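Subject: the helical model, with notes

Hi,

Here's the structure I promised to send over.

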Amino acid sequence: MEPVRKLFLLAGLACVGVGFVGYFVPVLPSTVFMIVALFCFKRSSPRFEGWLLQHRLFGPTLRDWDASGAIKPRTKLVAITMMWACIVLSSFVVRGLWVALVLALGAVGTWYIASRPSAASPATPVPSPEA
């Protein structure tokens with residue numbers, strides 16, 4: 001395996017590890033790390049890419065993202081709500097310039113998440129191409 005592919009593989013594995021921890025730790029975003037892991041695996045390991053896309057927990061969200069850059073409306077709501085809950089709680093603990101920086105990053109993150117196309121929810125039937 002060439003060195004660049006090895007680096008992408010290692011980065012992907014590291015992102016999966018951090019993303020898995022983020023699934024249990026509320027202030028650590030798991031989806032972002034899984035998206036980066038998918039990016040890395042696309043450049044290094046079709047086997048790990050397939051594993052990630054078929055994963056029971058992360059697969060559906062990653063497949064939506066991979067296909068169209070879309071996020072389910074419920075996922076958007078949860079992500080934005082958790083992000084702002086952490087920002088508000090942090091603002092009581094941290095003082096000074098950091099609060100302004102975190103608020104600015106939160107505003108950018110909210111805009112980015114909200115501006116992504118909405119993926120169809122599993123309960124919503126997807127129209128067939130023949131129709």
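A quick definition before anything else: I call a residue buried under 20% relative accessible area, exposed over 50%, and partly exposed in between, using a 1.4 Å probe and protein chains only. Bear in mind that this is a predicted model, where local features need pLDDT of at least 70, side-chain atom pairs count only at pLDDT 80 or more, and totals for chains, interfaces and linings use all residues. Residues are numbered from 1 along each chain as its sequence is written, and side-chain values use heavy atoms, with hydrogens and water left out.

**Overall**

The chain has six helices and zero strands; helices are DSSP runs of H or I with at least four residues, strands are E runs of at least two, and numbering starts at the N terminus. Of its 131 residues, 26% count as buried. The C-alpha trace spans about 50 × 45 × 25 Å along the principal axes. Among contacts (heavy atoms within 4.5 Å) with a separation of 6 or more, 61% join residues 24 or more positions apart.

Helix α1 covers residues 3-24, and its 22 residues reach 33 Å from first C-alpha to last, close to the 32 Å expected at 1.5 Å a residue. (Expected span is 1.5 Å times one less than the number of residues.) Its buried residues are L9, G12, C15, V16, G19 and G22. They sit on the same side of α1 because they cover an arc of only 145 degrees around the axis, the arc being that of the directions from the helix axis to the C-beta atoms. That buried set packs against α2 (30-42) and α3 (46-53), while P3, L7, L10 and F24 are exposed on the other side of α1.

Helix α5 (residues 73-93) has 21 residues and reaches 31 Å, close to the 30 Å expected. K76, C86 and I87 are its buried residues. They fall within an arc of 115 degrees seen down the axis, so they line one face of α5. What covers them includes α6 (97-115), and the face turned away carries the exposed R74, L77, L89, F92 and V93.

**Pocket and cavity**

For both searches I used a 1 Å grid over the protein atoms alone: a cavity is a set of points where a 1.4 Å probe fits but cannot get out, a pocket is an open set with protein on both sides within 12 Å along at least five of seven lines, and lining residues have an atom within 4 Å of a point. Points are joined across faces, edges and corners, and a volume is the space filled by probe spheres set on them.

The largest pocket holds about 1,300 Å³ of space. Of the 36 residues lining it, P29, S30, T31, V32 and A79 are the closest to its centre. α5 gives the most to that lining, with nine residues. S30, which is found in helix α2, counts as buried because its relative accessibility is 12%. Beyond its neighbours within four places in sequence, S30 is in contact with G19, G22, Y23 and F58.

One cavity of 30 Å³ or more turned up in the whole structure. The largest cavity has a volume of about 30 Å³, and T61, D64, A70, I71, K72 and T75 line it.

Cheers
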